[in-house]
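The following note concerns the pockets of the structure and the ligand. Please read the numbered points alongside the sequence and the model.

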Amino acid sequence: MRIYKAKDYKDMSRKAANIISAQVISKPDSILGLATGSTPIGTYDQLVEWYNKGDIDFSEVTTVNLDEYKGLERTNDQSYYYFMHKHLFDRVNIRQERTFIPNGMNMNAEEECARYQKLIDDLGGIDLQLLGLGHNGHIGFNEPGEALEKDVHCVDLTENTIEANRRFFDSIDDVPRQAYTMGIKSIMHAKKILVVVSGEDKADILKESFFGKVTSKVPASILQLHPYVTLVADEAALSKCEGL
Ligand code: F6R
């Protein structure tokens, strides 16, 4: 695992964007696995800035997102569809038909999971998967539990995650209870993985995930078994990792 220690959030975002940019420049038709959440926003902003300067071209890129809430319309400003368009897709020259996100409005979970899994499989593998880290160690919406799901599945979000998402909704009752997420297999099959982590509130879980035991109780810990993981974290997030 490569670890890049960033000074702060801005520095983390710049370093992460550099890695994504290098991927797209060296392989213009890259398949990028993308994440939402607050952590990658600065990374997307940096990529857009470089795109505007003419330094990066998304015209041949394909993207496949990790997850989407079940039951939220695309037009809902909390849907991951809305997020991705707002922060990246509508701001760069990516072909919209090459951007894929689970369809949260397909209420038939079995059908939607099978469709999205097939789509990922047909793409033939992700070149670079971007991940954030949940406070409970989740990646995508692969929540802590007795076992990890391999394929795309519909999850009941944990209380911890519902609580963490609450800030984005008017009331706790509006926070979706379920989501579609890529499974651990598709994440682990990505050729390269880039994890971005920021803030002191992530310091404990970062240490547990990357330096603790590999366990389904901390889903991100499985990343320790991947041959090509790059962790870009700021000083605050790395503050519990002695010697770094
Ligand atoms: C988002 C996702 C989640 C987030 C995680 C961290 O697509 O899959 O696993 O990466 O919840 O979220 P933030 O960055 O908001 O702390």
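1. Three elements, β4 (67–69), α3 (80–87) and α5 (159–165), each contribute at least two residues to the lining of the largest pocket. Of these contributions, that of α3 is the greatest, at five residues. Helices (H or I, at least four residues) and strands (E, at least two) are DSSP runs numbered from the N terminus.

2. This is a predicted model, in which local features need pLDDT of at least 70 and side-chain atom pairs count only at pLDDT 80 or more, while totals for chains, interfaces and linings use all residues. Residues are numbered from 1 along each chain as its sequence is written, and side-chain values use heavy atoms, with hydrogens and water left out.

3. The largest pocket holds about 760 Å³ of space and has 36 lining residues, with T36, G37, S38, R167 and F168 nearest its centre. A pocket is an open set of points on a 1 Å grid over the protein atoms alone, where a 1.4 Å probe fits, with protein on both sides within 12 Å along at least five of seven lines; lining residues have an atom within 4 Å of a point. A volume is the space filled by probe spheres set on the points, which are joined across faces, edges and corners.

4. By class, this lining comprises 14 nonpolar, 16 polar and six charged residues. Ala, Val, Leu, Ile, Met, Phe, Trp, Tyr, Cys and Pro count as nonpolar, Asp, Glu, Lys and Arg as charged, and the others, Gly among them, as polar.

5. The ligand sits in the largest pocket, meaning that more than half of its atoms lie within 2 Å of the grid points. Around the ligand are 14 residues (a heavy atom within 4 Å), and T39, D67, H138, G140 and K202 come nearest. This shell consists of three nonpolar, eight polar and three charged residues.

6. Which polar contacts (pairs of N or O atoms within 3.5 Å) involve ligand oxygen atoms? A polar side-chain atom of H138 lies 2.7 Å from one such atom, a polar backbone atom of G140 lies 2.7 Å from an oxygen atom of the ligand, and a backbone N or O atom of S38 is 2.8 Å from a ligand oxygen. The protein covers 91% of the 410 Å² of accessible area that the ligand has on its own (Shrake-Rupley method, 1.4 Å probe).

7. The second largest pocket has a volume of about 150 Å³. Its lining includes R2, Y4, L128 and Y228, and α1 (9–26) gives the most, with four residues.

Note on methods. Polar contact = N/O pair within 3.5 Å; in protein donor to acceptor, adjacent residues only side chain to side chain.
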